[in-house]
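Subject: A structure to look through

Hi there,

Here is the structure I promised to pass on to you. Have a look at it first, and then read my notes below.

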Amino acid sequence: MDFVSRYLAGYSESIHQQVRDLIDRGKLQSYLDSGYPLQHEINNDGDLRRYVLGIKNQYIKKSSPLSKVVYDSKIHVIKNALGTHTYINRVQGSKIKSKNEIHISSIFKRAPEAFLNMIAVHELAHVKEKDHNKSFYQLCRHMQPNYHQIEFDCRLYLINNEICSD
Ligand SMILES: [Zn+2]
């Protein structure tokens, strides 16, 4: 099973090779441990909601409100390594109400704080911008200046989890 090409689809073959070398030399775990030593303690939906709203209020306070923020065990991380931000459109009388929900994979219930932060930032950016375009990533960097590095390292973390559970 080639976890590297599955989690790093979209990255170049030379990046894949560098990551495979890291794994072959037995260095992936220590790379992650040294960069991301701090585990978060946000392990229930109430704490997750407070955490995500805290980031929202700090950086994008005026964006539309969130109706729901939950850990979701049904999110399959290979298909969607991040979370799922869903828009539920409901017709109420003549008005259409758009409902914002953030679902974060239960995989991140126990994970380094930086990875949960990156996922939260990604999903919050979708509140304002549906597509993965330039302004989407600008929003991500506004909330987490090191967004791109952390997103890449989070993919390595998921690869490492697969190797460890083999
Ligand atoms: Zn996305």
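A125 sits in helix α5, which covers residues 113-128; helices here are DSSP runs of H or I with at least four residues, numbered from the N terminus. This is a predicted model, in which local features need pLDDT of at least 70 and side-chain atom pairs count only at pLDDT 80 or more, while totals for chains, interfaces and linings use all residues. Residues are numbered from 1 along each chain as its sequence is written, and side-chain values use heavy atoms, with hydrogens and water left out.

Back to A125: its relative accessible area is 0%, so A125 counts as buried. (Buried means under 20% relative accessible area, exposed means over 50%, and partly exposed is in between, with a 1.4 Å probe and protein chains only.) Which residues does A125 touch, leaving aside its neighbours within four places in sequence? The contacts are F136, L139, C140 and M143, where contact means heavy atoms within 4.5 Å. For C140, the C-alpha to C-alpha distance from A125 is 6.0 Å, and the two residues are 15 apart in sequence.

Now for the charged side chains. How many salt bridges does the structure hold? There are five, a salt bridge being a side-chain nitrogen of Lys or Arg within 4 Å of a carboxyl oxygen of Asp or Glu.

One of them joins D47 and R50, with 2.8 Å from N to O. Both residues belong to helix α4 (residues 45-59), where they are three residues apart, about one turn of the helix. D47 is partly exposed because its relative accessibility is 26%, and R50 is exposed because its value is 56%.

Helix α7 (residues 147-164) has a pair of its own: E151 and R155 are four residues apart there, so about one helical turn separates them. These two form a salt bridge, and their closest N and O atoms are 2.8 Å apart. Are E151 and R155 buried or exposed? Both are buried.

K74 and D72 form another salt bridge, with 4.0 Å between the closest N and O atoms. K74 has 71% relative accessibility and therefore counts as exposed, whereas D72 has a relative accessible area of 11% and so is buried.

Finally, look for D2, E13 and R20, which a network of salt bridges links together.

Key
Helix = DSSP H or I, 4+ residues; strand = E, 2+ residues; numbered from the N terminus.
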